[in-house]
Amino acid sequence: MALVSGCWNRRELNDLAVAVALGVDQKGNKLLLSNQMLNPGAIAGKEGGASPLAPVTLFQTSGGGLQEASRKMTIVSTRKIYVGQVQMIILGEEFARKGVGKVLDYLSRDHEYRKDFYVVIARGSEAQDVLKVFTPLEKTPASKMSTSLETSSKVWGSTAAIKIDELISAIISKGKEAVLTGIVVAGDTGIGNDKKNVEKILVPSSLKYSGLAVFKKDKLVGWLNEKESKGYNYTQGKIKSTTILLACPEEKNKKLAVELLRTKSETKVTMKENKPTILIKLKTEGVATDAQCARDFAKPATISELEHLTQSNIKASIMSAVKKTQNVYKSDIFGFGEAVERKYPRYWESVKSDWDQVFSNIQVIVQVESKINTMFKTTKSFSERMGK
Amino acid sequence: MAENDPIQAYQFKKLAALFIIGTSIILVPGLLAAEAKQDAWISSLVGLLAGLLLVGLYVALGSRFPGRTLVEFSKEICGRWLGTFVSFLWFTYAFILTSLVLRNLGDFLTSSMLVETPIQAIHLIYLSIVVIGVYYGVSNIARTADIFFPLVIALFGVFILLLVQDLDFKNVQPVLGKGITPVLSASFPFIGFPFLELVLLLMIFPKVKQPKQAGKAFLSGTLIGGTVLFVITLLCILVMGAENTASEIYSSFELAKKIEIGEFIQRVEAILAGIWFVTIFFKLILCFYITVLTLSQTLNLSDYRPLTLPMGMILYAVSIIIAPNLSYLISFDTKVWPFYALTFGLLFPLMLLGVAAIRKKR
């Protein structure tokens with residue numbers, strides 16, 4: 001009796017089909033669910049070279065809801081689908097514009113889903129197209145997508161690695177709206193679904209992240225470009241490290257580059273004449289990494305010039321993100337509302353229902369403090385050494 | 001203040017040599033070459049000569065008051081109030097030097113090897129060893145030097161041998177092509193960093209058991225240290241050329257990267273950076289020891305040990321805020337420090353010697 005008590009609901013590994021990525025698209029009134037499943041035979045790395053099978057396979061069914069569709073999927077799959085290993089959920093843009101709320105209840109309720117997968121938007125395409133692309137470096141496209149998202153949000157900063165629980169709490173919160181990173185199929189979309197795609201050195205079709213999708217409640221309302229996305233990520237303290245490209249003040253076509261190594265952000269609210277003012281404070285530390293124009297970094301003035309340029313660059317990108325969300329989308333993705341609620345709960349109660357309007361007229365002040373600590377190994381820039 | 005913590009003359013020699021090599025070994029070739037170009041090696045010789053003269057002065061001062069430290073005889077010469085003030089100035093000199101040495105190490109590591117590591121973490125770890133070392137006293141520091149000094153010299157010898165095949169004597173030509181002026185103006189900051197700092201070793205000088213040999217040990221230690229700096233400068237110029245030496249901040253580290261013999265001896269710079277950690281460690285630990293000792297003697301405390309931990313904490317903070325960035329530090333080292341060091345390293349000792357002669361103390 002003791003031996004069998006744990007096996008009531010026993011499922012052997014070889015009775016399961018493991019889903020690694022899900023895609024959701026709108027098809028008329030129905031949802032199209034695409035599940036990217038591991039192909040066990042192709043993944044198991046045995047000697048004897050690559051398997052002729054694709055590493056993953058795609059199962060698709062459509063239904064009125066996600067739960068129905070995923071059960072219905074057994075009509076194409078031989079095994080019951082296991083979703084505990086899902087790494088990515090891709091939502092089609094058209095679906096997202098109509099509202100993603102429809103799928104979130106099931107995703108947060110069902111016991112088999114964990115809370116550690118990322119959510120992205122298939123920008124300008126359908127989720128199923130994204131799931132059909134062969135990717136180099138990583139065997140399964142799902143792990144390519146999640147690793148690439150993590151890496152780029154850490155070291156470049158124009159993407160946001162948003163997990164499902166973060167998305168849900170941003171959509172629920174009245175003082176903060178959600179954002180999600182967009183993913184596009186770049187290059188020749190037709191060939192992506194063919195193994196030939198990864199047999200070439202330069203893959204003809206690849207997946208890349210592009211911009212941030214701005215939500216209002218659960219509906220996608222628009223996109224931020226790369227600069228604005230970075231500006232948004234600065235305010236959220238999500239950028240661990242990034243590179244900033246600056247134009248040399250005397251020659252605009254030559255560039256300076258600064259690598260940020262650490263950033264720290266803080267959002268403060270103050271009330272003046274019953275109107276809130278937002279103060280975004282950002283501190284960054286960095287290194288001078290590139291100078292195409294003549295510069296001598298042994299002079300402290302060069303460093304302070306670079307610090308000023310960095311500050312105004314960061315400030316401009318934050319302001320452009322703020323302006324766009326205030327004027328165009330009227331969507332408080334920065335969480336200013338939450339900051340107001342924390343500090344002035346009574347005032348918040350009075351404006352809560354009308355927050356979008358208040359947000360779009362709120363005064364935002366950005367203060368950036370950039371420190372450049374070092375310039376690595378050399379003092380004079382190459383152009384300075386050449387003596388023009 | 002009878003601390004029974006004597007060291008041997010030969011140990012003092014090693015300490016003086018390590019003190020000179022200290023942080024200078026990574027920074028000096030670049031600083032010299034920036035001004036004197038291919039004649040940087042002549043500048044380093046000039047610096048070495050000036051250093052020996054200075055040490056002659058320090059030895060004269062120190063031998064006049066056997067068994068007394070810099071602070072003690074400053075007080076004796078200048079009287080109680082002025083003496084305490086002068087002693088306090090010695091403390092500030094030692095303290096600022098200590099924080100600069102620590103910062104040099106931190107900047108070196110964060111800009112060449114441990115880029116994403118916060119400089120605070122490096123300082124904290126390095127400083128903890130130093131504080132513990134200082135707590136154990138100078139004779140223990142000297143015995144540590146006994147172990148490490150041969151290692152430093154041996155690795156340095158290996159370093160030279162590995163670079164022999166890369167030497168190109170065209171790199172030093174033309175000799176004195178622009179006259180003697182740039183050579184002299186380059187040697188000026190070099191005299192300030194490290195030779196004018198040697199005056200602080202007068203705090204340890206009286207601890208040498210054999211006072212008669214102490215002066216000789218001081219001079220020969222300076223000679224060894226100065227020669228090492230001369231050789232490294234010459235090697236940088238001969239292997240990399242003046243232009244590359246000048247533009248690299250840590251020229252000798254870049255020099256180590258050049259080592260490549262066959263297919264198997266290459267990428268050894270991290271091992272050679274080990275020498276520098278050792279020499280910087282000795283410079284830092286001596287500076288810090290002198291800092292706490294000058295303070296405790298200025299305040300007439302019987303033991304310096306209670307000061308080590310609090311001073312270490314203050315030093316940790318000051319080493320971070322002393323300069324906003326590396327560029328500032330470099331221009332401070334070349335433009336401000338030489339004059340500052342000249343005040344303490346030449347003017348003060350001369351004045352002390354003069355007053356002592358007039359007041360006929362000893």
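Trainee: Let's start with a helix pair. Is the crossing of H3(B) and H9(B) right-handed or left-handed?

Mentor: The crossing of H3(B) and H9(B) is right-handed. Keep in mind that this is a predicted model.

Trainee: And how do H3(B) and H9(B) run relative to each other?

Mentor: Look at the angle between the axes; over 145 degrees counts as roughly antiparallel. Here the axes of helix H3 (residues 40-64) and helix H9 (residues 211-240) of chain B come within 9 Å and cross at roughly 165°. H3(B) and H9(B) are therefore roughly antiparallel to each other.

Trainee: Which residues make the contact between H3(B) and H9(B)?

Mentor: A helix repeats, and that helps you pick out a face. An α-helix has 3.6 residues a turn, so residues three or four places apart point the same way. On H3(B), the contact residues include B:Ala40, B:Ser44, B:Leu48, B:Leu52, B:Val55 and B:Val59. On H9(B), among them are B:Gly215, B:Leu219, B:Leu223, B:Gly226, B:Phe230 and B:Leu234. By class, this contact holds 14 nonpolar, seven polar and no charged residues.

Trainee: Now H5(B). How do H5(B) and H6(B) cross?

Mentor: Their axes come within 9 Å, at roughly 130°, with helix H6 covering residues 119-136 of chain B. That makes H5(B) oblique to H6(B), and the crossing is right-handed.

Trainee: Which residues of H5(B) and H6(B) meet?

Mentor: H5(B) brings B:Leu102, B:Leu105, B:Gly106, B:Leu109 and B:Thr110, while H6(B) brings B:Ile119, B:Ile122, B:His123, B:Tyr126 and B:Leu127. Sorted by class, that contact has seven nonpolar, three polar and no charged residues.

Trainee: What about H5(B) against H14(B): at what angle do they pack?

Mentor: Helix H5 (residues 80-112) and helix H14 (residues 326-358) of chain B pack at about 155°, with their axes 12 Å apart. That makes H5(B) roughly antiparallel to H14(B). The crossing of this pair is left-handed. B:Tyr93, B:Arg103, B:Asp107 and B:Ser111 of H5(B) make the contact with B:Leu326, B:Leu329 and B:Phe344 of H14(B). Those residues divide into four nonpolar, one polar and two charged.

Trainee: Next, burial. Which residues of H4(B) are buried?

Mentor: The test is a neighbour count: a residue is buried if 20 or more other C-beta atoms lie within 10 Å of its own. In helix H4 (residues 70-78) of chain B, B:Leu70, B:Val71, B:Phe73, B:Ser74, B:Lys75 and B:Ile77 are buried. Note that B:Lys75 is in that list. The buried residues of H4(B) pack against H5, helix H12 (269-298) and H14 of chain B. After H4(B) comes B:Gly79, with a positive phi near 85°.

Trainee: Where do I find positive phi in residues other than glycine, say A:Asn274?

Mentor: Check the backbone angle, then the place and the surroundings. A:Asn274 has a positive phi of about 60° and lies in the loop between strand E11 (255-272) and strand E12 (275-291) of chain A. A:Asn274 is exposed, with 9 other C-beta atoms within 10 Å. Then there's A:Lys330, whose phi is near 50°. A:Lys330 sits in the loop between helix H10 (300-329) and helix H11 (336-343) of chain A. With 17 other C-beta atoms within 10 Å, A:Lys330 is partly exposed.

Trainee: Which residues does a cis peptide bond join in chain B?

Mentor: For this one, read omega. The cis bond joins B:Gln173 and B:Pro174, with omega about -5°. B:Pro174 belongs to the loop between helix H7 (138-163) and helix H8 (181-192) of chain B.

Trainee: Let's zoom out. How many residues of the two domains of chain A are in contact?

Mentor: Start from the bounds: the assignment gives domain 1 (13-224) and domain 2 (237-388) of chain A. Their centres, taken over C-alpha atoms, are 32 Å apart. In the contact, 18 residues of domain 1 meet 20 residues of domain 2. Helix H6 (141-155), strand E8 (205-216) and strand E9 (219-224) of chain A each give two or more residues to the domain 1 side. That side has eight nonpolar, five polar and five charged residues.

Trainee: And between the chains, which element of chain B gives the most to the side that touches chain A?

Mentor: First the totals: 18 residues of chain B are in contact with 18 residues of chain A. H5, helix H10 (242-247) and H14 of chain B give two or more residues to the chain B side. H14(B) gives the most, with five residues. By class, the chain B side has six nonpolar, seven polar and five charged residues.

Conventions:
Residues numbered from 1 in each chain as written. Chains lettered and ligands numbered in written order. Predicted model: local features only at pLDDT ≥ 70, side-chain atom pairs only at ≥ 80, totals over all residues. Axes fitted to C-alpha atoms, helices over the stretch in contact; angles between N-to-C directions. Helix = DSSP H or I, 4+ residues; strand = E, 2+ residues; numbered from the N terminus. Parallel < 35°, antiparallel > 145°, perpendicular 65-115°, else oblique. Left-handed = near helix turned anticlockwise from the far one by under 90°. Contact = placed C-beta atoms within 7 Å. Nonpolar A, V, L, I, M, F, W, Y, C, P; charged D, E, K, R; others polar. Domains from an automatic or database assignment. Buried ≥ 20, exposed ≤ 12 C-beta atoms within 10 Å, placed from the backbone.
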